[in-house]
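Hi everyone, thanks for coming. I'd like to walk you through one structure today, so please have a look at it while I talk.

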Amino acid sequence: VGVLLAVAAMTVSCSSGDGKADGPLSGSQPGEVHQPVEVGQVVTVGYAELVNEGKTDARVEQVRLLPPGRVELVGVETLVLPRDGGGIISLPEYPPRDYPTKPLLEQNVVAAKKPRASGEPEPALELILGVRTARPGVFRSDEVEVTYVVGKRRFVERYPVQIMLCAPFNAHPAGCVQNGG
Amino acid sequence: MNPRPRWILLVATFGLLTVSMPAAFADDDPPVLWTGIVRSSGGGAPAEVTAYLQPPADVALEEQGTRLDPIAAVTADFAGRFTLRSPYDDRIRAAEDRAGWISVLVVAMTADGMSMATDSVRFDSVRHGWSTRTAETERDGTVSAKATGTDAGVPDRPAVMTLHPSPARAEGSFHAMAAKHRICFMKKDTRELGVTQVTVGELDLAQHWGGQFNYVDTNTSTFEVGFRYEGEGGWSAGGSSSFSKEGGSESINPVAADGYPRHLFYRADMVFSTFKMDCGGRTAYSLKPTAWTGGMRPEMASAALCDRRYLTPVGPNGSFVRQDGSSQTFSGAFSIAGFGGGATSTNSRSVRHEWKNSDPHTRNLCGVSNLITRDTRVVSLP
């Protein structure tokens, strides 16, 4: 009976595509990041700014890039927003210098929604991703999958996030585009 | 220890859950279309409030005026508060445009005054509610309506509808009767307003920043609507309008990165129309864009200022495409017939802003009034 109750208590909800399942976290979908890199260079991409629409704090457990095997995710830190200096789109190093990021294990709570004064921005947790490619070429991930817990419920949600890495850097003088230009 | 009390507690708890669930979820009322407050000079006004379905802009209206179809009606309480509810039915489906938008006109009437407001909404079948956002720009999972002062961007609808006094107070009893019957006619004004440019996009490019702006459909843009009441002189803002109209080319020429800074507004050629409404024996006019010709022209403009709280770095040779949910609002997006209105363009599959840092060093984009993932104009820094 205890096992059954535990299973019933820790339910898991999943969504795909738009990141709008029944979980309280919403992920802003700011667009696309295209970044030329050297092979093996770990760069920072800041993405999927998470906002909690619920009344209970949410704790992020795990982050994956989808589809797997394209852009390699080597680390996840977080940045609490809003803060002076805004967020991060991309940086040539990871973890980012001069930004108060912390590893996901240390800073992973998306604060619950609270009444705010007019014009006061809502708090958000920005995912700061350390990414690389181990091979030359153009590599693109399309979604970020976030696993998080609210109370006794676990949610797995996907946010459409396009990260494109082009390597090596000098092979893409016109920038990083799908056809390798 | 006797286990019975635990079972009693468990059964009692389960019973409470069973009883409380229907109260929480079995709501048979139609979904909320609009909530608001009606005020007169003396405070809250218990007005008759009616929501009408406005015909799509391209539907021909009868010469003498087409009688509008009321889809919801209520009497405001003595504080002026009201809630309009409407089901999603065949009448509404018939009035939807390609993106699912319908245009709603809300009229508040008393014996002494009238107020009008408008908004474009669509039915969200997933959440079974009315929404002011398209599915592709819905960010927060809530069925929402922006009102003045509660969010950034062009307000979708006024939070407070202020009654405009009737110019013919002696006919108050007639107006009271007419208001009760909620009769409203609309006629498209035949005055030629012509094509006016509306700012829908912007690229601020410092030296060695390149960029591109694409705009292929109006369906994620919101345009402020003006109202003018008979007996009064000028236009005043009274809500917003959204409509779907494809027309632009897939790609507007990219701006190459070079040594020259550029600040470009992208201005869409919009056809504006005025509509004459006779409601409860009173007359008012609305003014709004009803079509896009497909034309788009870049114009040099003055740059906005960066708020350094919103600096956001972009790596060497890196690009950023602002898309899907973030937006930019242009407070003076257009000016026509004495009405200056704003516009908000929400980035989406139809609206796309791209910046490219063509420099071997990390440089910054910057929000003018917010984080660049939210509603703000964006500038690039040298």
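Before that, the ground rules. This is a predicted model, where local features need pLDDT of at least 70 and side-chain atom pairs count only at pLDDT 80 or more, while totals for chains, interfaces and linings use all residues. Residues are numbered from 1 along each chain as its sequence is written, chains are lettered from A and ligands numbered from 1 in the order in which they are written, and side-chain values use heavy atoms, with hydrogens and water left out.

Okay, chain B. It has 3 helices and 25 strands. Helices here are DSSP runs of H or I with at least four residues, strands are runs of E with at least two, and both are numbered from the N terminus. Of the 382 residues in chain B, 54% are buried. Buried means under 20% relative accessible area, exposed means over 50%, and partly exposed is in between, using a 1.4 Å probe and protein chains only. Now take the contacts, meaning heavy atoms within 4.5 Å. Among those in chain B between residues at least 6 apart in sequence, 73% join residues at least 24 apart.

Let's zoom in on strand β3 of chain B, residues 48–54. Why is this strand largely enclosed by the rest of the structure? Because 7 of its 7 residues are buried. Both faces are covered: B:E48, B:T50, B:Y52 and B:Q54 are buried on one side, and B:V49, B:A51 and B:L53 on the other.

So who are the neighbours? Two strands pair if DSSP finds at least two bridges between them. β3(B) runs antiparallel to strand β5 of chain B (residues 69–75), with 6 bridges joining them. In that pairing, B:A51 has B:A72 as its bridge partner. β3(B) also pairs with strand β7 of chain B (residues 102–109), again antiparallel, over 7 bridges. There, B:Y52 stands opposite B:L105.

Which two histidines have a positive phi? One is B:H128, with a phi of about 55° although it is not a glycine. The other is B:H208, with phi near 65°. B:H128 sits in the loop between β8 (113–124) and β9 (129–131) of chain B, and B:H208 in the loop between β13 (195–205) and β14 (209–215) of that chain. B:H128 is exposed, at 54% relative accessible area, whereas B:H208 is partly exposed, at 37%. The bond from A:L66 to A:P67 is cis, with omega near -5°, and A:P67 is in the loop between β5 (58–66) and β6 (72–81) of chain A. The bond from A:A167 to A:P168 is cis too, with omega near -5°, and A:P168 is in the segment after β12 (153–167) of chain A.

Another proline to find is B:P298, in strand β18 (residues 282–300) of chain B. B:P298 counts as partly exposed, at 48% relative accessibility. Its contacts, not counting residues up to four places away in sequence, are B:L264, B:F265 and B:Y266.

On to the cores. In soluble globular proteins, nonpolar side chains tend to be buried together. A nonpolar core is a set of buried Ala, Val, Leu, Ile, Met, Phe, Trp, Tyr and Cys residues joined through side-chain atoms within 4.5 Å. The largest one has 67 residues, and those touching the most other members are A:V60, A:L129, A:Y148, B:V198 and B:M270. A second, separate core has 25 residues, including B:V38, B:A45, B:L53 and B:L163.

A cavity is a set of points, on a 1 Å grid over the protein atoms alone, where a 1.4 Å probe fits but cannot get out, and lining residues have an atom within 4 Å of a point. Grid points are joined across faces, edges and corners, and a volume is the space filled by probe spheres set on the points. How many cavities of 30 Å³ or more are there? The count comes to 2.

Key
1 Å grid on protein atoms, 1.4 Å probe; cavity = no way out; pocket = protein on both sides within 12 Å on 5 of 7 lines; lining within 4 Å.
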